[in-house]
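Please look over the model before reading on.

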Amino acid sequence: MSKQPDELPDLSWYIHLIEEFIADRMSAPDFQKAYLSALKLENRGLEVPIFDVLQRLFGDADAYVAYPELRTEPEDLDDEQLRECAIRARSELRELGYN
């Protein structure tokens, strides 16, 4: 991305949620609820690379199933799989200039 850090949209709330979850200071169910709620309320027209990262993590959070006995589909994610998705998203946001 060619924008300077001060020209990037403010994603501090998303980054905070992701980092809290990655650092194990937030449970997977709490992360899922907060992240899904935050992105559903997003009304800015975010550019494609940024939106794609956030939307992919939205899909991952939506696929998260807290209770093992309810994970019946191959795409159902457990806590650790969701954490791996959050780590990937955080890395992708760093590549876009969000350090």
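Q: Does Arg83 count as buried or exposed?

A: This is a predicted model, in which local features need pLDDT of at least 70, side-chain atom pairs count only at pLDDT 80 or more, and totals for chains, interfaces and linings use all residues. Residues are numbered from 1 along each chain as its sequence is written, and side-chain values use heavy atoms, with hydrogens and water left out. Buried means under 20% relative accessible area, exposed over 50%, and partly exposed in between (1.4 Å probe, protein chains only). Because its relative accessibility is 11%, Arg83 counts as buried.

Q: Which residues does Arg83 touch, not counting residues up to four places away in sequence?

A: Arg83 lies in helix H4; helices are DSSP runs (H or I, at least four residues) and strands likewise (E, at least two), numbered from the N terminus. Contact means heavy atoms within 4.5 Å. With residues up to four places away in sequence set aside, Arg83 touches Phe21, Ile22, Asp24 and Met26.

Q: Is Asp24 buried or exposed?

A: Asp24 is found in the loop between H1 and H2. Its phi is positive, about 70°, although Asp24 is not a glycine. The relative accessibility of Asp24 is 58%, so Asp24 counts as exposed.

Q: Why is H1 oblique to H4?

A: Two packed helices are described by the angle between their axes and the distance between the axes. Axes are lines fitted to C-alpha atoms, for helices over the stretch in contact, and angles run from 0 to 180 degrees between N-to-C directions. Angles under 35 degrees count as roughly parallel, over 145 as roughly antiparallel, 65 to 115 as roughly perpendicular and the rest as oblique. H1 and H4 have axes 9 Å apart and pack at an angle of about 135°, which makes H1 oblique to H4.

Q: How many nonpolar, polar and charged residues does the contact of H1 with H4 have?

A: H1 contributes Ile15, Ile18, Glu19, Phe21 and Ile22, and H4 contributes Asp79, Leu82, Arg83, Ala86, Ile87, Arg90, Leu93 and Arg94. Ala, Val, Leu, Ile, Met, Phe, Trp, Tyr, Cys and Pro count as nonpolar, Asp, Glu, Lys and Arg as charged, and the others, Gly among them, as polar. By class, the contact of H1 with H4 has 8 nonpolar, no polar and 5 charged residues.

Q: How are H3 and H4 oriented to each other, roughly parallel or roughly antiparallel?

A: The axes of H3 and H4 cross at roughly 175° and come within 10 Å. H3 and H4 are therefore roughly antiparallel to each other.

Q: What covers the buried residues of H1?

A: The buried residues of H1 are Tyr14, Ile15, Leu17, Ile18, Glu20 and Phe21. His16, also found in helix H1, is partly exposed, with a relative accessible area of 37%. The cover over the buried residues of H1 includes H2, H3 and H4.

Q: Which residues of the largest nonpolar core touch the most other members?

A: A nonpolar core is a set of buried Ala, Val, Leu, Ile, Met, Phe, Trp, Tyr and Cys residues joined through side-chain atoms within 4.5 Å. Tyr98 has contacts beyond its neighbours within four places in sequence, including Leu8, Leu11, Ile50 and Leu93. Of the 30 residues in the largest nonpolar core, those that touch the most other members are Leu11, Phe31, Tyr35, Leu54, Leu57, Leu93 and Tyr98.
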